[in-house]
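Please read them with the coordinates open.

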2 protein chains.
Amino acid sequence: MRLRNWLFHNFREVSQQFGFEEVDFPVLESEALYIRKAGEEIRDQLYCFEDRGNRRVALRPELTPSLARLVIQKGKSVSLPLKWFAIGQCWRYERMTRGRRREHYQWNMDIIGVPDVTAEAELISSIITFFKRIGLTASDVGFKVSSRKVLQEVLRCYSVPENMFGRVCIIIDKIGKIPMDDIRKDLQSADMSEVAIEELLQILSLKSLAKLEEKLGASGEALSDLKQLFSLAEKYGYSEWLQFDASIVRGLAYYTGIVFEGFDREGKLRAICGGGRYDRLLSTFGGDDLPACGFGFGDAVILELLKERGLLPQLNLQVENIVCSLDPELQGAASTVATILREKGQSVDLVLENKPLKWVFKRAARINARRLILVGKAEWQKGMVNVKTLSTGGQLETKLDELE
Amino acid sequence: MRLRNWLFHNFREVSQQFGFEEVDFPVLESEALYIRKAGEEIRDQLYCFEDRGNRRVALRPELTPSLARLVIQKGKSVSLPLKWFAIGQCWRYERMTRGRRREHYQWNMDIIGVPDVTAEAELISSIITFFKRIGLTASDVGFKVSSRKVLQEVLRCYSVPENMFGRVCIIIDKIGKIPMDDIRKDLQSADMSEVAIEELLQILSLKSLAKLEEKLGASGEALSDLKQLFSLAEKYGYSEWLQFDASIVRGLAYYTGIVFEGFDREGKLRAICGGGRYDRLLSTFGGDDLPACGFGFGDAVILELLKERGLLPQLNLQVENIVCSLDPELQGAASTVATILREKGQSVDLVLENKPLKWVFKRAARINARRLILVGKAEWQKGMVNVKTLSTGGQLETKLDELE
């Protein structure tokens, strides 16, 4: 819990530094919110139920659909752009394995109302700010960046129907996770010719914008978006964190433009975070579309990475004072002492039973107390207590009203 | 969200001042964890489902059963007493009305391993510390206190079977919520004679410990526990917040000793919080019993009370700086400026599109920015930006490396 609070505190501080407002969404949503027809992993693993009123509901697998719903609901009452962040628990229903739990937390930042790549650049900047805060450098982690428009341009070239686009993205996202033969088979069943498939796979292997320009020409949006992003990265000062990688498409159906994912340079772990532009999500929920982009950043992979790099912080329980009466009759007096200290802003662990001193010292060590305050009969009659500084062993009789 | 964060921050700070450690529990639990046979409201309104693996599960209605499970699981690996707090979302399935939502948050503090009333006194002290922090006084709110042992002694007197105890408590908790005739009928069906019922109802109307002593005698645990609590309250300095009220039994089956609830003195609202001792809860889950007590404090009633008293804090969005380029070509330069400020710990809302100045000033006002930083061509060529202090309207050309 201390570790989780530390992580969330960093998420929150970075988000606020970037001028984002915190929002939250229901844990239980209507199942319909997540029904998309692209064969996403997130859909197959939906943690869904029928409730007592026979409604189909689901524990949210992600936060973006709820965000879309909220944006539509707010309508014209909010002024754009919205810069929102959320830290929320998400669920999946699947067999649990190492590093794949049924519940995890996700930090989301979203910008609604900005069509320019400046928004994606700002989001990536905030993640990098977070990485730096927790001690990670560009030699530990980086971002792979592409645009779904690359794919779109290839598919258009080979006259693949528009409505196959989401499905093709999901298939491509599985490259490296399932055998290439299966990928090819899946693409064929998505109305792609063999020639188109081979051309697509070749383009997906590209790792430089120059090569991409050779293939697609200089005029398309895919290339101009990506060029702008890399140019902004220079101004932000994070170029060394960024690389173009055409194989990145992300596994959610709704992305439409730039997509990116954070990865560890040793290549041992799953993606650390991922996001992109989703300009047409709102209309799928019956709202008017607004330009939008965002990312999700889970709590699991980043903690594994920090552990591996020895960067997990030491977060011990720490209570400043432990207060103990030396006599059962003085239990009330000890309460008085604890109250005085707490009213002065100090934290106090009050010993609530009559315990031997040995026990009290052990407890003091466990809670990393700075001082032990003993309430004994002789001192109490003089309105005093015994204050022991635990690091030095020094002790002092102190008047109650001089305690601080 | 700002209000919720403010409330939770106060819950957390008080808990830590009292030396409590934060814990958390699963949102989805096995339904069996909540099956008790006492006809509790919390049981009837359980938000339960069958999951995809045909298991009966429930969105947690409260945190205490999860806590019990965790304590049993930890077993001898933790040193007693445990002082734990949690802030968690809880659910009920019922028709929604004003002030009764399907989801709410609860702050819980629990002490495991202390048999003495010192533990209850400490818990009540922490709630009072919280009340004071947020501006409430003893003339706004108070605590009604009793002990389930009062009831136990009466029932024993009239030979009511032990296993009826929990059920009788639940019935009594409904006094004032359903007609007295129904209460009497329910008590009869719980094996109570008419004489016993009338005696019980009379005792429940008592508001002073002296009267209770007349009825029950001075030797019982009920009276000695309550006397000790009121004596400790004096030492803590919160006597004026506390009153004995035999009608308080609380609506959960598992309490065994002292029970208390926070109330608003104007009597307009439901209980603000409630808690008590539950020394025999662990054995109902198959563990060894440990002395334990705790409270639950919801987020709904307290916010209503603060609203009514005009004590809700003004919590505006506040971003320190707004940074804007005056020329589309300088968007990258504005990113550089934003990054410099953020690296110095400042919060910055970066304008991500080319917008008229009028729009920028409006946004600056909405986010309560202290400074507007404009990146214009002439200044930028000199390595400078225009820094406008919004409260005074004063502006200053500032070198980039002198920005702070």
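1. In this predicted model, B:Gly19 follows helix α1 of chain B and has a positive phi, near 80°. The helix itself covers residues 2-17, which is 16 residues. From first C-alpha to last it reaches 22 Å, close to the 22 Å expected at 1.5 Å a residue.

2. B:Arg133 lies in helix α4 (residues 118-133) of chain B, so the pair ties together parts that are 120 residues apart in sequence. B:Glu13 counts as partly exposed at 31% relative accessibility, and B:Arg133 counts as partly exposed at 38%.

3. Another salt bridge in chain B pairs B:Lys227 with B:Glu213, the closest N and O atoms being 3.0 Å apart. Because B:Lys227 is in helix α10 (residues 221-236) and B:Glu213 in helix α9 (residues 209-216), the pair ties together parts 14 residues apart in sequence. Both ends are partly exposed: B:Lys227 has a relative accessible area of 40% and B:Glu213 has 27%.

4. In chain A, A:Glu213 forms a salt bridge with A:Lys227, again with a closest N and O separation of 3.0 Å. The pair links helix α9 (residues 209-216) of chain A to helix α10 (residues 221-236) of chain A. A:Glu213 is partly exposed at 26%, and A:Lys227 is partly exposed at 39%.

5. Over all chains the rule counts 70 salt bridges, of which 12 are found across the interface of chain A and chain B. One of these joins B:Glu343 to A:Lys132, the closest N and O atoms being 3.8 Å apart. Helix α13 (residues 331-343) of chain A gives the most to the side of chain A that touches chain B, with seven residues. That side has 29 nonpolar, 18 polar and 23 charged residues.

6. How many residues does each chain bring to the contact? Chain A contributes 70 residues and chain B contributes 70 residues. The area buried between them is about 5,400 Å², with carbon and sulfur atoms giving 50%. A:Gln17, A:Arg52 and A:Leu352 supply 13% of the area that chain A buries against chain B, more than any other three residues. The interface also holds 35 residue pairs in polar contact, both residues being at pLDDT 80 or more.

How values were computed. Residues numbered from 1 in each chain as written. Chains lettered and ligands numbered in written order. Predicted model: local features only at pLDDT ≥ 70, side-chain atom pairs only at ≥ 80, totals over all residues. Heavy atoms only, no water. Helix = DSSP H or I, 4+ residues; strand = E, 2+ residues; numbered from the N terminus. Expected span 1.5 Å × (residues − 1). Contact = heavy atoms within 4.5 Å. Buried area = accessible area lost by both parts, 1.4 Å probe. Salt bridge = Lys/Arg side-chain N within 4 Å of Asp/Glu carboxyl O. Polar contact = N/O pair within 3.5 Å; in protein donor to acceptor, adjacent residues only side chain to side chain. Nonpolar A, V, L, I, M, F, W, Y, C, P; charged D, E, K, R; others polar. Buried < 20%, exposed > 50% of the residue type's maximum accessible area, 1.4 Å probe, protein only.
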